[in-house]
Amino acid sequence: MHTVNAADAPRLTSLSPGAGCACKLPLAKLEELLASAGPIPQASGNLLIGAAEGDDAAVLRLDDKRALVLTTDFFTPIVDDPADWGRIAAANALSDVYAMGGRPLFAVNLAAWPADGLDIAILGQVLQGGAQIAAQAGCFVAGGHTIDDPVPKYGMAVVGLADPDRLMTIDRAQPGDQLILTKPLGTGVVATALKRDGIRSRNPDGTAGDILGAAVASMTMLNSGASQAALDAGVRAATDVTGFGLLGHLHRMLVASNAAARIAADAVPLLPGALDLAEAGFVSGGTRANTERMRSVTDIAPAVPAELAVLLHDAQTSGGLLLAVPAAAAPELLSELRNQGLLAALIGEILAGVPGHVRVEPSTF
């Protein structure tokens with residue numbers, strides 16, 4: 001297989017039919033689909049978490065000390081560099097294991113690639129990028145499956161291991177818990193701007209443009225350190241922030257936990273350039289769907305700038321962990337996350353109230 005330089009490769013984002021983000025199926029459509037399929041059985045016996053629980057991954061108990069965590073994720077290109085796409089997709093797939101408090105063991109690749117018209121060597125670079133991140137996670141890549149598809153797609157199915165008594169799930173948030181977000185928001189607007197030629201993908205020296213470079217660095221950063229720090233702090237409620245946006249994933253946690261929440265918009269960390277891109281209108285279809293879905297369950301104060309409100313709904317790829325942390329443990333955990341170099345922030349709190357409801361205020365928490 002010959003080598004293809006990233007600079008010579010076709011624009012992969014132009015091959016994606018989406019609007020430049022790795023968006024999930026809109027939550028409203030997903031709920032409608034699941035409802036039409038009839039009742040979904042609740043997890044029971046050794047199946048600790050299944051489809052009905054709506055968590056980040058499925059969990060199967062092996063014995064008193066071990067549980068398998070199973071997840072999968074894949075998507076069309078959101079950046080032009082093949083290796084970066086592979087690295088982002090792998091980190092994104094691994095993230096669900098970390099969100100449950102698990103450790104990835106092994107993975108298989110999932111790829112769709114056009115048999116004609118796109119050099120197979122580019123897929124080789126995508127797979128190499130994925131393998132690099134898997135190796136960083138200590139996760140074996142044991143083969144995979146590829147199909148012929150006019151639209152390229154890549155991701156992984158991942159198996160991890162967790163302690164069944166220390167799982168982090170979406171249904172354990174308690175009033176009084178503090179909400180910590182471990183990565184900044186804005187990958188959706190950055191990817192959308194890249195697809196629409198709203199930002200420069202490369203500097204004259206060939207390095208990634210500053211805005212894109214910061215987004216890629218965030219998306220390829222594993223959530224492993226944040227997950228371990230959360231477990232050590234006694235966190236039991238968590239999720240990762242991906243296609244449904246910060247408010248969408250928080251809403252799912254609140255519904256499952258029978259609680260409400262308050263978010264301080266000024267405290268939410270953002271990627272460089274994200275506010276300007278949101279203000280310029282680089283908003284994906286997934287983000288617009290998130291906004292509509294959350295309209296009836298979210299009160300956003302008029303003083304919150306419109307572009308910041310967009311980012312609270314922004315459909316993320318390989319985002320950070322959203323942690324509901326016991327108040328006494330929050331300061332030390334936040335300090336540990338920042339010591340790891342993460343742009344983590346205390347962004348809100350869990351409240352007693354209408355389940356699923358979120359109040360967004362402008363002031364710093």
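**Reading the sheet and its helices**

Modeller: In this predicted model, Ala107 stands opposite Val141 of strand 5.

Colleague: Where does helix 3 lie?

Modeller: Helix 3, residues 120-136, lies across strand 4, strand 5 and strand 6. The helix runs at about 170° to strand 4.

Colleague: In which sense does strand 4 pair with strand 6?

Modeller: Strand 4 (residues 103-113) and strand 6 (residues 153-162) pair in the antiparallel sense, over nine bridges. Leu110, for instance, has Gly155 in strand 6 as its bridge partner. Helix 2, residues 82-99, packs on the sheet and touches strand 3 (67-75), strand 4 and strand 6. The direction of helix 2 makes about 30° with that of strand 6.

Colleague: In what order do the six strands form the open sheet?

Modeller: The order is 1-2-3-6-4-5, and the pairing is mixed.

Colleague: Why is one side of strand 1 and of strand 5 left without a neighbour in the sheet?

Modeller: Strand 1 (47-49) and strand 5 (140-148) stand at the edges, and each has a single partner strand, so one side of each lacks a neighbour in the sheet. On average, neighbouring strands of this sheet are turned by 20° against each other, direction ignored.

Conventions
Residues are numbered from 1 along each chain as its sequence is written. This is a predicted model: local features need pLDDT of at least 70, side-chain atom pairs count only at pLDDT 80 or more; totals for chains, interfaces and linings use all residues. Side-chain values use heavy atoms; hydrogens and water are left out. Two strands pair if DSSP finds at least two bridges between them. Helices (H or I, at least four residues) and strands (E, at least two) are DSSP runs, numbered from the N terminus. Axes are lines fitted to C-alpha atoms, for helices over the stretch in contact, and angles run from 0 to 180 degrees between N-to-C directions. Contact means heavy atoms within 4.5 Å.
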